[in-house]
Amino acid sequence: MFTIVLAEPPSNAELVRVLQAEARSLVAEAAPVPATDAVTPVAPERRPVIRLLPALAAIAALWWAQDVFIPLVFSVLISYALEPFVIRMGAFHLPRPVAVPLLLAALIAVTGFALYGLRRDAVLFIEQLPESARAVRQAVQPDPGEQPGTVAKVQQAAQELERAAKDAAGSTTASADVTSVRIEEGTFKWSDYLWQGSLGALKFFGQLFVMLCLVYYLLASGDLYKRKIVRIVGPSLSQKKITVQILEEIDRQIERFLLARLFISVIVGVVIGLGFWMMGLREALIWGVVAAVLFAVPYVGPAVVTIAATVAGFVQFGSISMAAASGGLCLAIAAVEGNVLAPWLLSRAGNMNAIAVFVSLLFWGWLWGVWGLLLAVPIMAAVKAICERVDDLTGYAELLKE
């Protein structure tokens with residue numbers, strides 16, 4: 001006997017659902033491929049010239065507005081140098097609005113007392129300048145009754161060569177029947193020189209006052225602007241974390257740079273001051289202070305100190321050997337400082353290689369002159385800190401770091 005089991009027929013609702021699903025599948029198979037599924041053509045890369053335009057615009061802006069950027073960068077550096085003192089004063093329960101004016105007033109007072117203490121040596125140093133100029137002039141142009149020296153003989157030879165060249169040019173002009181024209185150069189006016197120097201001094205003191213005001217506001221605000229920068233970068237927590245890391249790294253590298261630069265200046269000032277004192281050169285203390293300040297300007301400062309020391313040694317002792325000794329001492333110290341001490345310490349302070357430091361000095365010196373030479377290393381250290389933590393700029397950081 002066979003038992004036949006009949007399945008329960010599907011309901012109308014289930015049939016409708018099945019038919020709708022089949023209809024949708026058929027429509028999807030028959031529909032054309034949408035444009036979004038097509039192969040998207042790869043956009044061509046931007047031309048290198050277009051990529052360079054923002055960089056060139058930034059360089060032009062830095063050069064054009066250097067009167068604004070230079071005091072601003074200097075103020076940031078000074079505020080970084082003074083921030084530990086403000087924090088230390090805060091540990092003694094002094095609020096920041098009170099600690100900052102007290103610190104700046106104490107700094108100005110110490111600087112004034114130091115300059116006042118050196119006033120006697122500075123006055124003697126300035127009083128020797130006319131004597132030095134007179135001695136140099138006599139060495140170059142001795143009295144008619146005296147036997148000309150080596151420098152005067154070289155100058156006479158140069159004058160004879162110049163006279164011979166003029167005679168040859170005059171004979172050629174006469175043969176060509178061309179009338180020679182002599183251009184009279186204007187005489188040098190000391191009044192114009194003093195006026196330009198006064199304007200330069202007023203501009204310098206004006207920028208100094210601006211920097212003092214900026215330092216006050218930066219120290220008084222504390223980490224206000226850092227917190228604002230963190231809030232500006234966006235709502236993403238990872239972006240805020242990267243921004244905080246960049247700011248902390250910039251703080252560390254600028255602090256290292258300032259300590260390294262102070263250490264180098266102290267060493268140079270002490271060595272030159274002691275060396276000149278042992279040689280018997282007058283105002284050795286002033287020479288040490290001047291060398292400590294000017295050696296902070298790479299290349300230019302050591303050259304100025306070396307030339308001035310050579311002239312001072314010749315004027316005081318009247319001997320070429322002593323002039324060579326005083327200038328040679330500065331030249332030897334400049335060679336050690338510029339080729340060994342400064343590149344090693346500054347590169348270690350900013351975690352940059354020596355080639356990057358040298359190229360940055362060339363670039364910023366070309367852009368901002370002497371101020372650029374002073375600010376090149378801390379600026380590039382900050383740039384490296386940013387490039388290390390931005391994915392698109394890691395290649396530039398690799399070129400800068402050790």
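1. In which helix does Phe-358 lie? Phe-358 belongs to helix H13, helices being DSSP runs of H or I with at least four residues and strands runs of E with at least two, numbered from the N terminus. With a relative accessible area of 40%, Phe-358 is partly exposed; buried means under 20%, exposed over 50%, and partly exposed in between, with a 1.4 Å probe and protein chains only.

2. On the basis of the model: it is predicted, so local features need pLDDT of at least 70 and side-chain atom pairs count only at pLDDT 80 or more, while totals for chains, interfaces and linings use all residues. Residues are numbered from 1 along each chain as its sequence is written, and side-chain values use heavy atoms, with hydrogens and water left out.

3. Phe-358 is one of the residues of a nonpolar surface patch of about 740 Å². Patches are made of residues with over 30% relative accessible area and no salt bridge, like charges being joined within 9 Å and nonpolar side chains (Val, Leu, Ile, Met, Phe, Trp, Tyr) within 5 Å. A salt bridge is a side-chain nitrogen of Lys or Arg within 4 Å of a carboxyl oxygen of Asp or Glu. Areas come from the Shrake-Rupley method with a 1.4 Å probe, and for residues only the protein chains shown count as cover.

4. Tyr-299 sits in the loop between helix H10 (284–294) and H11 and is partly exposed at 46% relative accessible area. His-93 also shows a positive phi, about 65 degrees, and is not a glycine. The place of His-93 is the loop between H3 and helix H4 (96–117), and its relative accessible area of 73% makes it exposed.

5. The second largest pocket has a volume of about 1,200 Å³. Of its 34 lining residues, Val-76, Tyr-80, Leu-247, Ile-250 and Ile-254 are the closest to its centre. Two or more lining residues come from each of H3 (66–90), H7 (190–221), H8 (224–232), H9 (237–279), H13 and H14 (370–388), with the largest share, 10 residues, from H3. The lining divides into 24 nonpolar, 4 polar and 6 charged residues. Here Ala, Val, Leu, Ile, Met, Phe, Trp, Tyr, Cys and Pro count as nonpolar, Asp, Glu, Lys and Arg as charged, and the others, Gly among them, as polar.

6. The search of the whole structure finds 1 cavity of 30 Å³ or more. The largest cavity has a volume of about 40 Å³ and is lined by Ile-70, Pro-71, Phe-74, Gln-207, Met-211 and Trp-371. H3 gives the most to this lining, with 3 residues. By class, the lining holds 5 nonpolar residues, 1 polar and no charged. On a 1 Å grid over the protein atoms alone, a cavity is a set of points where a 1.4 Å probe fits but cannot get out; a pocket is an open set with protein on both sides within 12 Å along at least five of seven lines, and lining residues have an atom within 4 Å of a point. Points are joined across faces, edges and corners, and a volume is the space filled by probe spheres set on them.

7. Leu-258 is in helix H9 and is partly exposed at 23% relative accessibility. Leu-258 and Ile-78 are 180 residues apart in sequence and 9.2 Å apart in space, C-alpha to C-alpha.
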